[in-house]
Amino acid sequence: MRKLIAAALALCLAASMAACSGGSGETTAADSSAASSAAETTAAETTAAETTAAEETTQAAAADVMTYEEYMAAAVDDPVTIQAYVQAKQSYYAEQGTATVYLQDQDGGYFAYDMACTAEDYEKLTEGTCIQVTGYKAEWSGEIEIMDGSFTFVEGEEPFVAEPVDLTEYLGTEELEDYQNQKVSFTGLTVEASTDANGNEAAFLYNYDGSGTQGDDVYFNVSYNGQTFSFLVESYLCDSSTEVYQAVEALEVGQTIDCEGFLYWYEGANPHITSLTVAE
């Protein structure tokens, strides 16, 4: 009798366990399906959110970019963001990871001084490359520039290399400053004597007062319409191995020259010359 009861109890227990086992399997499958669906929904929502965020970031970045007019109207020390094209690289300081470059768009020129830059990115800053620069507007002895800047490359933009604008007729006028930092040209200038700190005259000087040696900036004087102006070859921009540097070293007082460069400003017009030819 006990065996029969035990057998009956065993059969009941087995059936109960089978029922429990079957119920557990169905619940797990349902839970897995729900979890999978929830994960897919979450992933889709995340992707959509990321896409929206990226679009908003792009739109915000585009909206923050100033026109040249807005940039020039900004106050000194104001944050500024511009998009422009590399026209020349003046220098790279590896120890602090900064670059100084001339930039220009179709409306005006910019001078980005000590802009954060890696050595790898500096090599990519080729003439005509479009970049977006964010920093602070600054002024130093009349020169308008962007300080403490950083930049990103702007993809999809066609390269732009500005043609020099002839400003010969603007020499000695207030209008000249409107072209600050642009690529410019001057024609029919006469080489005048430069005087060093000891009163000696020459067609050019190493440093503004003659205190330098070959490899330093080269200064020379030119005249137009009875006025004399100081030009230079900036050694960081065009070192002593360049044609323009050597052309200045070969100048003679009284020669007529044409030249191109960038309209840098230091207590007045102080063009950084990049090309010079002596008129025949």
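**Exercise 1. State how much space the largest pocket holds, and work out which residues and elements line it.**

Solution. Begin with the volume: about 560 Å³ of space lies in the largest pocket of this predicted model. A pocket here is an open set of points on a 1 Å grid over the protein atoms alone, with protein on both sides within 12 Å along at least five of seven lines, and lining residues have an atom within 4 Å of a point. The volume itself is the space filled by probe spheres set on the points, which are joined across faces, edges and corners.

Next, take the lining, which consists of 22 residues, with W140, Y219, Y264, Y266 and N270 lying nearest the centre of the pocket. The elements that contribute two or more residues to this lining are β1 (79-93), β3 (109-116) and β12 (227-233), and the largest share, 3 residues, comes from β1. Strands are DSSP runs of E of at least two residues, and helices are runs of H or I of at least four, numbered from the N terminus.

Finally, sort the lining by class: 11 residues are nonpolar, 7 are polar and 4 are charged. In this scheme Ala, Val, Leu, Ile, Met, Phe, Trp, Tyr, Cys and Pro count as nonpolar, Asp, Glu, Lys and Arg as charged, and the others, Gly among them, as polar.

Residues are numbered from 1 along each chain as its sequence is written, and side-chain values use heavy atoms, with hydrogens and water left out.

**Exercise 2. Describe the cover of β1 and its pairing with β4 and β2.**

β1 pairs in the antiparallel sense with β4 (residues 130-140) over 7 bridges, and Q83 stands opposite Q132 in β4. β1 also pairs in the antiparallel sense with β2 (residues 98-104), over 7 bridges, where Y93 faces T98.

Third, the turn: the hairpin of β1 and β2 has 4 residues between the strands, and G97 takes a positive phi near 65°.

How values were computed:
Predicted model: local features only at pLDDT ≥ 70, side-chain atom pairs only at ≥ 80, totals over all residues. 1 Å grid on protein atoms, 1.4 Å probe; cavity = no way out; pocket = protein on both sides within 12 Å on 5 of 7 lines; lining within 4 Å. Buried < 20%, exposed > 50% of the residue type's maximum accessible area, 1.4 Å probe, protein only. Pairing = 2+ DSSP bridges.
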